[in-house]
Amino acid sequence: MGRRPDGPLQPPPVQRLRLRYAKRGRLRFTSHRDFQRALERALRRAQLPVAFSQGFSPHPRISYAGAAPTGVASEAEYVEIALTRRCDLEAVRTALDESLPAGLDVLEVVEADTPDLAARLQASVWLVRLPGVTAAAAATATSRFLAADAVEVERLTRQGRRRMDARAPVVRIDVLGDAEADGGSEEDGCAILRVVVRHVTPAVRPDDVLTGLRVVADLAPPSPPLVTRLAQGPLDEQAGTVADPLTADRQPTELPTGRLDRG
Amino acid sequence: MPGDVPVESLFPRLESLLPRVQKPIQYVGGELNAVVKEWATADVRWCLMYPDAYEVGLPNQGVQILYEVLNEQPGVLAERTYSVWPDLEALMREHGVPQFTVDAHRPVGAFDLFGVSFSTELGYTNLLTALDLAGIPLEATDRTDDHPIVIAGGHAAFNPEPIADFLDAAVLGDGEEIVLAVTEVVREWKREGSPGGREELLRRLAVSGGVYVPRFYDVDYLPDGRIKRVAPNRPGVPWRVAKHTVMDLDRWPYPKQPLVPLAETVHERMSVEIFRGCTRGCRFCQAGMITRPVRERSITGIGDMVQAGLAATGFEEVGLLSLSSADHSEIGAVAKGLADRYDGTNTSLSLPSTRVDAFNVTLAGELSRGGRRSGLTFAPEGGSERIRRVINKMVSEDDLIRTVTTAYAHGWRQVKLYFMCGLPTETDEDVLQIAELAKRVISAGRQAAGRGDIRCTVSIGGFVPKPHTPFQWAAQLDHETTDARLGKLRDAIRSDRRYAKAIGFRYHDGKPGIVEGLLSRGDRRIGRVIKAVWAEGGRFDGWSEHFSFDRWMRCADAGLAGEPVDVSWYTTRERDHAEVLPWDHLDAGLDREWLWEDWQDALSEVEVEDCRWTPCYDCGVCPGMGTEIQVGPTGRQLLPLTPSRAG
């Protein structure tokens, strides 16, 4: 029995798909690595013909784009997968969604007809619920934050303390008013912020913006905020809006073989 | 028992704590194949626990099997709980959130039964944390009808005496049938309106003969500290409680729907148990002694479980589990059949626990067709021929060299060798022989591989004598001598520059082994030590960053003050034939006289063959337990799978 140093020959990818998925409810506590494992297993359970890399230890051809932090829910996470056989998009969506635990939900599958999805993910819209914080208090803090030129915050990372400007990447913040009683107790209210943040390096995350609100206005929610990413995609700087990054894929161009993103 | 009022999910209260702890995903449940039943649909409700962190406990096969066996029953509900890390424990105490299940986040205290599976004694302090967080009194006799019945299982339950104060009951052996029997007793008693309360339920369980209820046994001691006798203290309770043995593994193809966690765990694979029990007769091995006889799953049963399990989970690796997997009578056909079936599917197969045998290299090659050949592991256990005769590990040095040579010649670059230090009759010489062995392995390996970059890792830990083995009478080596011996071995390996770089050396220091030894062969007097250690903050004793030897010794000194016994009495003292051992009233099927003879044979370096291919040597298990060896070959083959879809 001879050793095969090159490993088995893997069939080539023939179809590239882009998926939008949601991370909901208690499954918002899945880390990005947790999701990767869950997705790979779901692809196997759904018996989808995932393409594998060549070589001695083949791995599935999946690429992930900017994942939401652990503990943050999302309605707009994106991943690309390559298949060795053309499949019906809706069939893929259904099969994969059924194979993932409820709470990791596949919302849309499109064929990747355009290059470089990651470059289109320029900004995110975050919905931040602040149980125990009134809309008025949130509005005051927000206007102070937006009025500042820079708001330096510190985050504890595994590498140690990291300082960054939380103000610069924030495009806009809207205070949506108090939520219904499903947040904190009724008398305290539950302010809801809608925050548009540009993707920068190092990343400024919603909790960095909240730290910024504490820095400028001493806003300290009594219980942990609930954060949901509503969208990520191309940013309209003027309007402060974020567009759907898959629009281009849904309307295929005339170019017959425009797969420039072959990795 | 707690009443049948509906219980609310604790999740809303837990949720706000989760952003403040490490790896919150381990507490949210939602695993693929997890089962959540309506509270009201069940009349008997089990909470099952593996008393370690989720990442260790979730893959545990015992818990997964019982979880599924119980949940398949109409009117029975089973949920799981695991130990919470100290960061969450502190927050739960601060916010009054009790121990919860991960399935429906119900409070553990609301269940009828709280079953805890102990693979090792180092989970004892974690049991106390869970009880305390659940609001269940630590001492079993302080519990009322409002508290669950706390019942222990797993290998450590073969001597539950150190935790007897904290248990209502314990069961020995295979759990599949006894959990259902216990369920029936509880169901009947509840249907009758719970006559006589908790005490009556425990009495019914005890008189059934299959459940050990510690409070129904009195332990008397001799003035010198040895046990005088252990006797039942009420009518109908048997003198000895026997272990349970499931026959015909093909009838128990569990887990059928293995749990697939979201969190990362220690075993990222699906496991199929290909046989249970082992009669190789290694004298140090408690698992091999207490799980007799060997019962094989058939080749087709294995094939079906692999197929169904992969479809249910999406795992990319299948482990063929047992105590010595290559000993399955049809392992060659199993390996080839599975390798053929899953060729080209990027599914890998692994065979943990293989013996030192060149045939096993061929097997491993079959299973890793086209895949990685990173490392193979073998366990010679003892360094010298002499000590291997003492422990009945029937492997010669030439066997080992032949085996590793085959491995290196077939493309493996790394071989791991497991050893123990502190075996009975062992001297420095026996252990230093490991260095010579490792050098011979490298030298033969370099020749076979035709290259110099091969490696061998020596991994060694201290031996802990266990109940129900021929070494149950043996003196454990003290940790100072263990550490000194390991130091000499390290120096011997490092000193030879021709080999030093090719031989890795990993060892565990001797101190945790002394605590494990204290808990393994302890009696009821150790309960107060465990409680004191826990009260002083002892948690997660299997984790080096949490384990404190000094705390254990301090609490043992205090707890045993005034007794004629101390830690060394329990650990480094050799027992004689007449001494009543704390677990003598618990019947693993092994004839005590046979165990003693095997202990004497060990001292005389006499080996005993495996009874699967030589005549029975009367260990006592089969006639005593009404069981028999169930091995193949069946002569059947695994047929290729019909693909369910093209691709």
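Which residues of helix 5 of chain B are buried? The buried residues of this helix are B:Tyr124, B:Thr125, B:Asn126, B:Leu127, B:Leu128, B:Ala130, B:Leu131, B:Leu133 and B:Ala134. A residue is termed buried if 20 or more other C-beta atoms lie within 10 Å of its own, exposed if 12 or fewer do, and partly exposed in between, with C-beta atoms placed from the backbone. The structure is a predicted model, in which local features need pLDDT of at least 70, side-chain atom pairs count only at pLDDT 80 or more, and totals for chains, interfaces and linings use all residues. Residues are numbered from 1 along each chain as its sequence is written, while chains are lettered from A and ligands numbered from 1 in the order in which they are written.

Helix 5 of chain B comprises residues 124-134. Nine of its 11 residues are buried, so helix 5 of chain B is largely enclosed by the rest of the structure. Helices (H or I, at least four residues) and strands (E, at least two) are DSSP runs, numbered from the N terminus. Helix 5 lies across strand 1 (44-53), strand 2, strand 3 and strand 4 of chain B, at about 135 degrees to strand 1 of chain B. Such angles run from 0 to 180 degrees between N-to-C directions, and the axes are lines fitted to C-alpha atoms, for helices over the stretch in contact. Two residues are in contact if their C-beta atoms, placed from the backbone, lie within 7 Å. Just after helix 5 of chain B, B:Gly135 has a positive phi of about 80 degrees.

The open sheet of five strands in chain B has the order 2-1-3-4-5 and parallel pairing. Strand 2 (76-83) and strand 5 (169-170) of chain B each have a single partner strand, so one side of each is left without a neighbour in the sheet. Two strands count as paired if DSSP finds at least two bridges between them. Between strand 3 (residues 113-117) and strand 4 (residues 149-153) of chain B there are five bridges, in the parallel sense. Here B:Phe114 has B:Val150 in strand 4 of chain B as its bridge partner.

Another open sheet in chain B consists of three strands in the order 9-12-13, again with parallel pairing. Its edges are strand 9 (270-273) and strand 13 (348-350) of chain B, each of which pairs on one side only. On average, neighbouring strands of this sheet are turned by 25 degrees against each other, direction ignored. Strand 12 (residues 317-321) of chain B is joined to strand 13 of chain B by three bridges, and B:Glu317 stands opposite B:Ser348 in strand 13 of chain B. Helix 9 (residues 299-313) of chain B packs on the sheet and touches strand 9 and strand 12 of chain B; the direction of this helix makes about 160 degrees with that of strand 9 of chain B.

Helix 13 (residues 397-409) of chain B has 13 residues, which at 1.5 Å a residue should span 18 Å; its end C-alpha atoms are 18 Å apart, in agreement. The expected span is 1.5 Å times one less than the number of residues. Buried positions in helix 13 of chain B are B:Leu400, B:Thr403, B:Val404, B:Thr406, B:Ala407 and B:Tyr408. These buried residues pack against helix 11 (358-367), strand 14 (375-381), strand 15 (414-421) and helix 14 (428-449) of chain B.

Most residues other than glycine have a negative phi, and most peptide bonds are trans. B:Asn33, not a glycine, has a positive phi of about 75 degrees and is found in the loop between helix 1 (11-15) and strand 1 of chain B. B:His105, also not a glycine, has a positive phi of about 55 degrees. With 17 other C-beta atoms within 10 Å, B:Asn33 is partly exposed, whereas B:His105 has 24 and is buried. The peptide bond from A:Thr201 to A:Pro202 is cis, with omega near -5 degrees.

Chain A has six helices and 12 strands, and 41% of its 263 residues count as buried. The contact between the chains takes 28 residues from chain B and 30 residues from chain A.
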